[in-house]
Amino acid sequence: MAERSLQDKNGITYELFELDPAVYYQERYAHRDVVGIADKEGSAVRSSLAYQKARQLLETLRLLKREAGDRRLQVLEVGCGSGAFGSRVKRFDSHIQLFGVDMSSSCIEIAKRNGFDEAVVYDAAEGLPYGDDQFDLVYTIDFFGHIEFRSKDAIIADIHRVTKPGGLGFHGIETGAIDYWNCNPKDPNDPIRQYVYTEGHIGVEPLEDIADRFSPLFEIIQAFPFPLRPLLHIQNIRNSRHWGDEFNDAFAEIDSPKSRMAANLILGWINRYLTDQLLRAYGNQLIRTRVPKSGHQGLDRFIDTLLQGSGFSMTTVRKRMMD
Ligand SMILES: C[S@@+](CC[C@H](N)C(=O)[O-])C[C@H]1O[C@@H](n2cnc3c(N)ncnc32)[C@H](O)[C@@H]1O
């Protein structure tokens, strides 16, 4: 039973969970094995569920290039980590001038080896170290879920500031309804505390809340959650024991790197299929609260389940011009 109930999102902080982000992030995402990752990814990887983040980012770059013509594009990744996505951006178009910011110096060293033209150690909550209207595209992937609720709006406002008029944004964000308010943040056995410690996810929220944060400053071009849960990887399904012992035993019988790859490929295909169908049926903003009800209770419950996005969502935006 929870010992405390916190009402205010902004009260959910790393400090509350006794975690120092500067120490935690220094090595947590310093993955030296991702140097040059884009050159090693074959077609099976590029069709997998995990790769859909990169696929959608590249889709946004294609849109940008169509609009910008031959101009050299300036692109910024906030929370670039070791630069796995930067490596893909550079492989897509080596002429793009790519900037990165991360609070971990270990990550920044690796990101530079992954092709970033300029990558700096910086805490994004302190403001971004760039001038106004500089970037054609600012993107984040697996970043906002690591940002305390109280800092999110200021970071979004700063991303708006450094984006060119009419420029684009792409944000792949950890998404879901995490009950930070009913936990004991000091108890090492508390499941929410363990969740926060596992990957550093201090600020995960539903897509409707994410959209509400971006909407005042950015026009939402497209927003959708991943309909598959639990997701990203067959290992997630096994870890969560979501499909039960029988499934796990059956999987263990045929487990091998190739069968895992096949599973991830099929998960990717199903996720893409479901997303495409939902986008076709409901338009470009697959946000639970904005999708009209059909009046059929069962169907509405099914659609609602698909749109819960407990895992991940992707949002493409365009900078609004303010007066
Ligand atoms: C899950 S990793 C994602 C890295 C990269 N975007 C990727 O997907 O490969 C999250 C990154 O955000 C960085 N980070 C967290 N809080 C930050 C902050 N306030 N300012 C800058 N970087 C931050 C961490 O150091 C970490 O490298």
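Helices here are DSSP runs of H or I with at least four residues, numbered from the N terminus. One such run, helix H13, spans residues 297-307 and contains Leu299. The model is predicted.

**Surroundings of the ligand**
- The ligand is surrounded by 21 residues, and the closest are Tyr25, Gly79, Gly81, Met103 and Ala124.
- By type, the shell around the ligand consists of 14 nonpolar, four polar and three charged residues.
- At least two residues of this shell come from each of helix H1 (21-28), helix H5 (84-92) and strand S2 (97-102).

- In soluble globular proteins, nonpolar side chains tend to be buried together.
- The largest nonpolar core has 58 residues, of which Val75, Val78, Leu137 and Val138 touch the most other members.
- Strand S4, residues 135-141, makes the greatest contribution to this core, with five residues.
- Beyond its neighbours within four places in sequence, Val138 is in contact with Leu76, Val78, Ile159, Val162, Thr163 and Gly169.
- Another core lies apart from the largest one and has eight residues, including Ile178, Tyr180, Val196 and Ile202.

- Leu299 counts as exposed because it has 11 C-beta neighbours inside 10 Å, and the cut-off for an exposed residue is 12 or fewer.
- Between Leu299 and Ala252 there are 47 residues of separation in sequence and 34 Å in space, taken from C-alpha to C-alpha.

Technical notes:
Residues numbered from 1 in each chain as written. Predicted model: local features only at pLDDT ≥ 70, side-chain atom pairs only at ≥ 80, totals over all residues. Near = placed C-beta within 6 Å. Nonpolar A, V, L, I, M, F, W, Y, C, P; charged D, E, K, R; others polar. Core = buried A, V, L, I, M, F, W, Y, C linked by C-beta atoms within 7 Å. Buried ≥ 20, exposed ≤ 12 C-beta atoms within 10 Å, placed from the backbone. Contact = placed C-beta atoms within 7 Å.
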